[in-house]
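Welcome to my notebook. I wanted to look at how the pieces of this model sit together, and I jotted down what I looked up.

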Amino acid sequence: MGAMSTGRRRFLGGLLAAGFMPMPTWADVGHPAFLSAAAKPDGSYVLCGIGADLSVRFALPLPARGHAAAAHPHRPEAVAFARRPGTFAVVIDCVTGQQKAVLDAPAGRHFYGHGAFSSDGSLLYTTENDYEAGRGRIGVWDAAQGYERISEWDSGGVGPHDIKRLPGRETLVVANGGIDTHPDSGRTKLNIPTMQPNLAYVENGHVIETAALRPDMHRNSIRHLAVGPGGEVAFGMQWQGDGPVDALVGLHQLGAPIRLMSGSTDDVRRMDGYIGSIAIAADGRTIAVTSPRGGVVQYFDAITGQLTDSGTLEDVCGVLALGDGFAVSTGFGALQYRGGGGAIRVQTDFAWDNHLVSV
Amino acid sequence: MRRTILALTVLMAPLGAFADTASATIKDIIDGHILPRFETLAAQSQLLAATAEQDCDPTSDALRTAYGAAFDAWVSASHLRIGPSEVNDRAFALAFWPDSRGTTPRTLGALLSEQDPIASSATDYAEVSIAARGFYALEFLLYDDALMAAGDATYHCQLIQTISADIAVTASDILAGWQDGYADTMLNPSEAGTYRSEEEVLQEMFKALTTGLEFTADTRLGRPLGTFDRPRPTRAEARRSGRSSRHVVLSLNALQDLALLLTGDDAALSETLTNRFDRALQQIESLGDPVFASVSEPKTRVKVEIIQTSIDAISADVSAQLGPKLGVTAGFNALDGD
């Protein structure tokens with residue numbers, strides 16, 4: 001950026017005098033289309049902003065391996081969560097690369113690695129484990145006041161993982177994975193025989209609706225969410241049972257029953273019981289899911305519920321609706337986009353972590 | 001949270017010469033590793049049930065010896081979470097641990113204080129909370145200061161007999177599952193079967209090895225280690241019966257056997273892994289601490305940490321060297337589990 005013109009400086013001075021500060025926006029950090037955490041070849045961890053052309057616009061250091069991030073809706077500011085069972089999250093100023101705040105989980109809580117902002121960006125919601133009680137919680141943080149913790153809500157289930165906000169309203173949807181863990185046993189799953197995952201919708205601290213799977217699928221842990229333009233919630237699952245599973249992808253809308261997406265036995269099997277990430281197209285028609293274990297991306301028609309396409313890509317996990325297509329990322333450094341306008345492939349030397357987060 | 005650092009660059013390896021011996025390896029593992037373990041578990045569990053029928057005094061040598069032998073057999077098979085052990089939660093019914101919230105003693109306490117008649121038969125008892133079944137529940141009744149003497153003596157005796165009988169039924173069901181079908185399922189992969197190729201069968205066995213190593217390092221050792229500021233010796237596995245360290249040894253012995261069978265005729269890798277296992281086992285022996293009480297003292301705690309590090313090193317070698325031979329990718333995301 002060149003020297004600021006006298007005219008612009010005067011203009012800024014005028015704004016300052018009038019009590020207005022021009023706030024930086026995502027444009028000031030190179031218009032990233034999405035964020036992703038990554039590991040660098042030297043083993044250090046970063047949070048990256050990536051443009052629609054799949055170029056890396058910034059790479060800011062993280063203190064530990066990240067999981068997902070939450071992008072502030074207006075300010076160029078991202079919250080990066082440590083992976084489960086981390087007890088901290090860092091708020092990063094994407095202009096300066098500095099940490100603006102650190103969120104420490106309260107005593108007896110740990111984060112699950114996902115969070116979501118309110119529509120105006122004033123509140124941040126985080127999924128947490130009240131591990132002595134074995135109950136899921138939603139932490140509420142004041143993003144306008146230095147990320148002070150101001151409240152805590154019940155998540156409507158056990159083991160909440162992903163959390164998203166429905167469009168045009170303040171309703172949150174939470175994937176309560178159903179799996180009880182306690183940090184004193186690492187990531188050991190404590191309640192597989194009795195787990196009961198659900199989708200819970202939460203408004204201002206109240207669970208307004210929950211949706212559960214049919215009883216024979218109670219070992220299908222609902223983990224990751226993508227929200228469509230009409231408030232439809234696509235969810236990806238991870239099978240904890242023995243033997244084959246019927247479906248790993250579902251779609252739900254407030255007030256309606258869950259619909260499971262179907263593919264052939266072989267198609268389901270190729271996902272190795274494990275959906276790592278999920279995205280839904282901007283028009284809500286197509287759902288994309290990834291399985292890093294299977295090394296497979298699959299696409300479903302959200303209307304018919306049928307599998308429409310699939311592809312293989314080693315250690316693919318991150319997936320995001322971008323333009324009229326989808327972007328995916330892999331642990332082996334690949335970033336790929338495929339849409340109506342064509343395809344882009346970029347090879348980096350970063351190991352891209354689980355999720356791509358829209359800005 | 002401590003995690004094993006894994007190489008990011010392990011790529012899918014073509015199955016070369018190894019494929020020729022894959023079916024022999026599978027047969028060796030089923031006949032020489034899996035079936036004998038479940039046969040021993042079934043036999044020792046029958047013996048435990050029979051002994052409990054004769055003598056249900058928690059302090060009885062005969063009962064405690066039979067219990068120890070059956071529990072040994074379980075720990076030596078506990079990494080084989082495949083097929084028959086997963087049907088009807090049989091493995092959980094034998095081993096509900098870790099029990100982070102104390103459900104096992106709480107449920108047993110309630111049964112004893114209410115003299116719940118569900119304990120009158122093993123068939124009925126299969127319906128109680130899974131936390132009150134199996135070897136860890138029985139340990140409370142035989143060794144816990146409070147629960148070994150709690151409740152009415154006749155009911156306590158019956159509870160010991162019923163839990164023992166339930167263990168015997170479960171162990172015999174697992175063995176039957178292997179003998180009457182699952183061994184054949186693994187020996188004869190087919191397009192329509194549970195396993196479509198020998199590669200998939202070997203990968204399932206490999207997964208048993210890696211998750212077994214992780215469980216022993218992260219849970220059997222990780223639980224008592226806690227954090228430096230807050231060690232948790234009372235969270236050691238089966239500490240009441242003084243079996244914590246013994247379980248680490250038994251599991252490592254079993255995992256070494258499986259690792260070497262999976263390694264096949266790769267002499268160099270066999271040697272590497274043998275050295276790794278021997279070192280970890282040697283470290284446990286020289287620690288000489290059956291219940292990991294030493295985690296509380298900084299000077300001795302480090303010795304337990306070193307054992308954990310040694311097991312992590314086995315895991316790293318297994319992932320980096322054995323995994324690729326079996327066509328297992330070690331992706332950054334594939335291993336994440338979130």
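Before starting on helix packing, I noted how the angles work: an axis is a line fitted to C-alpha atoms, and the angle between two axes runs from 0 to 180 degrees between N-to-C directions. I also kept in mind that this is a predicted model.

**Entry: a helix pair in chain B.** I looked up helix α8 (residues 198-225) of chain B and helix α11 (residues 298-325) of chain B, and found them packed at an angle of about 165°, with axes 10 Å apart. Angles over 145 degrees count as roughly antiparallel, so α8(B) and α11(B) are roughly antiparallel to each other. I then checked the crossing, and α8(B) passes α11(B) in a left-handed one.

**Entry: who meets whom.** On the α8(B) side I found, among others, B:Phe206, B:Leu209, B:Leu213 and B:Leu221. The α11(B) side includes B:Val304, B:Ile307, B:Ile311 and B:Leu322. By class, I listed 12 nonpolar, seven polar and three charged residues in this contact.

**Entry: where the chains touch.** I looked up the contact between the chains next: 25 residues of chain B are in contact with 25 residues of chain A. On the chain B side, α8(B) gives the largest share, four residues. That side has eight nonpolar, eight polar and nine charged residues.

**Entry: chain A.** I found two helices and 28 strands in chain A. Its radius of gyration is 20 Å, close to the 21 Å that the globule rule gives for 359 residues, so chain A is as compact as a globular protein of that length. Finally, I saw that 49% of the 359 residues of chain A count as buried.

Methods
Residues are numbered from 1 along each chain as its sequence is written. Chains are lettered from A and ligands numbered from 1 in the order in which they are written. This is a predicted model: local features need pLDDT of at least 70, side-chain atom pairs count only at pLDDT 80 or more; totals for chains, interfaces and linings use all residues. Angles under 35 degrees count as roughly parallel, over 145 as roughly antiparallel, 65 to 115 as roughly perpendicular and the rest as oblique. A crossing is left-handed if the near helix is turned anticlockwise from the far one by less than a right angle, and right-handed if clockwise. Two residues are in contact if their C-beta atoms, placed from the backbone, lie within 7 Å. Ala, Val, Leu, Ile, Met, Phe, Trp, Tyr, Cys and Pro count as nonpolar, Asp, Glu, Lys and Arg as charged, and the others, Gly among them, as polar. The radius of gyration is taken over C-alpha atoms; the globule rule is 2.2 Å times the number of residues to the power 0.38. A residue is buried if 20 or more other C-beta atoms lie within 10 Å of its own, exposed if 12 or fewer, and partly exposed in between; C-beta atoms are placed from the backbone.
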